[in-house]
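Biologist: Hi, could you walk me through this structure? I'd like to start with the ligand.

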Amino acid sequence: MKLPRIDIAGLIAAMTLREKIGQLTMVTGEWAVTGPKTMPVSMDAIRAGDAGSILNLWSPQALREVQAAALESRLRIPLFAGYDVVHGHRTIFPIPLGEAASFDCDLWRRTAAAAADEAAEDGISLTFAPMLDVARDLRWGRILEGAGEDPFVASEVGRAKTVGYQGERLDDPRHVAACAKHIGAYGAVLAGRDYATADVSPRELEEVHLPAFEAAVAAGVAAVMPSFNDIAGIPSHANRQLLDGYLRRRFGFDGVVISDYNGIAELVVHGAAADLAEAAALALRAGVDIDMMGGAYRDGLEEALRRGLISEAEIDTAVRRVLTLKERLGLFANPLRGLIGDKPAPVRHRALSREAARKSVVLLKNAQAVLPLAGQGGPIAVIGPLADSGSDMLGAWAGAGRGEECVTFVTGLRAAFPSRAVAQARGCEILSGSADDQALALTAARQAEVVVLCLGEERGMSGEASCRAEPDLPEVQIGLARAVLALGKPVVLVISSGRPIILPKDIVEGVSAILATWFLGSEAGNALGDILSGSAAPGGRLPVSWPYSAGQAPIYYARRRSGRPADTNQHYTSKYLDVPVEPLYPFGHGLSYTTFRIENLRLSASEMTASDGVDVAVDVVNTGGRAGDTTVFMFIQDPVASVTRPVLAAKGFAKVSLAAGERRALRFRLTGADLRFPGIDMQPRIENGRIDVLAGERAVESELLRASLTVTGGVSSMQT
Ligand code: BGC
């Protein structure tokens, strides 16, 4: 359907300054509170044209009401409604860090499309997602919202999610606009403390933190949100080089920049602006179009104009972008967009949620193949504060999900093991406990043949402003685990958490199996049942290194080598006295119920020029007795360069399902673009010489297959 074009220039010409500022102002409906202050809106203000968009409000009835008020404004400009539909709307999918573990681009796309479908039906037209912040510090609570530690993986997520949310056309009422967030370097906040400074180098910014945003822009993302932090003293909401230089000019972004919650007014608190007028001017000039919940544009833009800090033409540019987004969303033609009925969207995507949850579980350990559990046998005791908690399964961004609609672990296990007795006991709370509760749990454990111990964080212990200096398994749960282990039964540890959490050595060694389940969403229990019963094989792989100690953070596989690489036999090397340098479980780690062999790494040529590429292939063989999935990564290593390169850098991954004994070839393509990096002068370059291509299941150099090729047609590493 071709929509009639709106005369945006004519509309802007007809607008008063107040109406223009209204279009740049986002207010809240307050159904959810996602920031420190509120700026609730009255219907009168909407009728007066003082709000151009609204957040934290959904449902047909509510959205019909506010849209009707907007259409009563003098120029009848519809509102758009934004909401954090981050990992589901009514149907909740695994948290993004968990879903990243599936390494399944098509799944990433499908869950975003399903979330968009439900959100659109509830009147939402833009989601504040995907979150693309590369995070390498488990202390940071928001590590759960992104794809983990790797820029290549984050870029793939950025692409898949953008396409999933937005569909083919923004005016498709079953889809919503996506807003990639939070540019830039938010995942690198100092000491893992939310909102703190991120003093990253331009090189790290370009190589680690920005590629996923570039990928989302290339996929057509409609909006981008700056981060709360400053980068080396420049708060992102005032960072012209970031929002204009990189985002608009270099990446070609032509959409809307939406501030984070109160992010413009906070420029005053940062110490970057003296008052709201200066804050508003800095943000507008940097390229922030919409002020979410700050009131800085509402209360500061007019004054900024009076002081000559900005021009009305700059305001018009932002207004034009906002109106263009509304036009692209089809709101002028169809202000109610996806609203098809009067009832809130139902939980419609349970099967997909179960699939996603199943694929997100990472089997970290499985000693003596204790898993899968047999269908017949003695009682199973499901113990722990997370054994029967629906609300925790929702994870941090629950959308419009409801805890009582999540299948808990014990419910799922009862369904998966109809022929076995399944007993349940909490044992303790998340952070506290009593002797009586523990005694009850131990009684259940004593009578059981196997214990499924469900420990970890509650959903509020990770997420925004939920950082932990000591991201350990809480003390009381450690006590419970030790008491259960002392009974000598096989224990399957099921961890729920928004991050890798630090596990005591005796527990890691004492339990028979460990599963990282993150927060799995609406179908958590059924997915766990599928895996523990063996009706599905675990296929998740860690998208983030799982450390021994929080003191190892930031920790990631793609580090630089150093002049004194770690060597436990040499004192003067880059290591710790008390913990290993390597993580407990590396990036890519994850077991299956079968085993795989990766062999026969081959390149289509032993030379490539900077402008072409090579085909890379490996064979994967399922060497075990059952069907299963694995993920193979292709890494590169550049042994000599003008700027030292990471020891490994992922440039591809592929997931494959194989029957027992089956063999399949997996193919990758390595191009010149994969070899490009910013030189000493920060100009992009490709250098001649040897490049090693490595392939395998985990980011452990010694385990990977390796082949070398020679690059020509680039520049010499000595030519700087
Ligand atoms: C968060 C954003 C979110 C916004 C709106 C902020 O506090 O940083 O990620 O989109 O609130 O809820």
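**Around the ligand**

Modeller: Happy to, and bear in mind that this is a predicted model. A polar side-chain atom of Asp260 sits 2.5 Å from an oxygen atom of the ligand.

Biologist: How far from an oxygen atom of the ligand is the polar side-chain atom of Asp84?

Modeller: For Asp84, the distance is 2.5 Å. Lys181 has a side-chain N or O atom 2.8 Å from a ligand oxygen.

Biologist: And how many residues surround the ligand?

Modeller: There are 13, and the closest are Thr34, Asp84, Arg142, His182 and Asp260.

Biologist: Switching to helices, at what angle do the axes of α7 and α9 cross?

Modeller: Roughly 25°, with the axes of α7 (residues 151-166) and α9 (residues 211-218) coming within 8 Å. Angles under 35 degrees count as roughly parallel, so α7 is roughly parallel to α9. The crossing is right-handed.

Biologist: Which residues make that contact?

Modeller: From α7 they are Pro151, Ala154, Ser155, Gly158, Arg159 and Thr162, and from α9 they are Pro211, Ala212, Ala215 and Ala216. By type, that contact has 6 nonpolar, 3 polar and 1 charged.

Biologist: New topic: is the peptide bond from Ile183 to Gly184 cis or trans?

Modeller: That bond is cis, with omega near 5°. Gly184 is in the loop between β5 (177-183) and α8 (202-209). The Ala553 to Pro554 bond is cis too, with omega near -5°, and Pro554 belongs to the loop between α21 (524-533) and β17 (596-603).

Biologist: What about phi of Ser59?

Modeller: Phi there is near 100°, a positive value in a residue other than glycine. Ser59 lies in the loop between β2 (53-55) and α4 (60-71).

Key: Residues are numbered from 1 along each chain as its sequence is written. This is a predicted model: local features need pLDDT of at least 70, side-chain atom pairs count only at pLDDT 80 or more; totals for chains, interfaces and linings use all residues. Side-chain values use heavy atoms; hydrogens and water are left out. Axes are lines fitted to C-alpha atoms, for helices over the stretch in contact, and angles run from 0 to 180 degrees between N-to-C directions. Helices (H or I, at least four residues) and strands (E, at least two) are DSSP runs, numbered from the N terminus. Angles under 35 degrees count as roughly parallel, over 145 as roughly antiparallel, 65 to 115 as roughly perpendicular and the rest as oblique. A crossing is left-handed if the near helix is turned anticlockwise from the far one by less than a right angle, and right-handed if clockwise. Contact means heavy atoms within 4.5 Å. Ala, Val, Leu, Ile, Met, Phe, Trp, Tyr, Cys and Pro count as nonpolar, Asp, Glu, Lys and Arg as charged, and the others, Gly among them, as polar. A residue is near a molecule or strand if one of its heavy atoms lies within 4 Å of it. A polar contact is a pair of N or O atoms within 3.5 Å; within protein, one must be able to donate a hydrogen and the other to accept it, and residues adjacent in sequence count only if both atoms are side-chain atoms.
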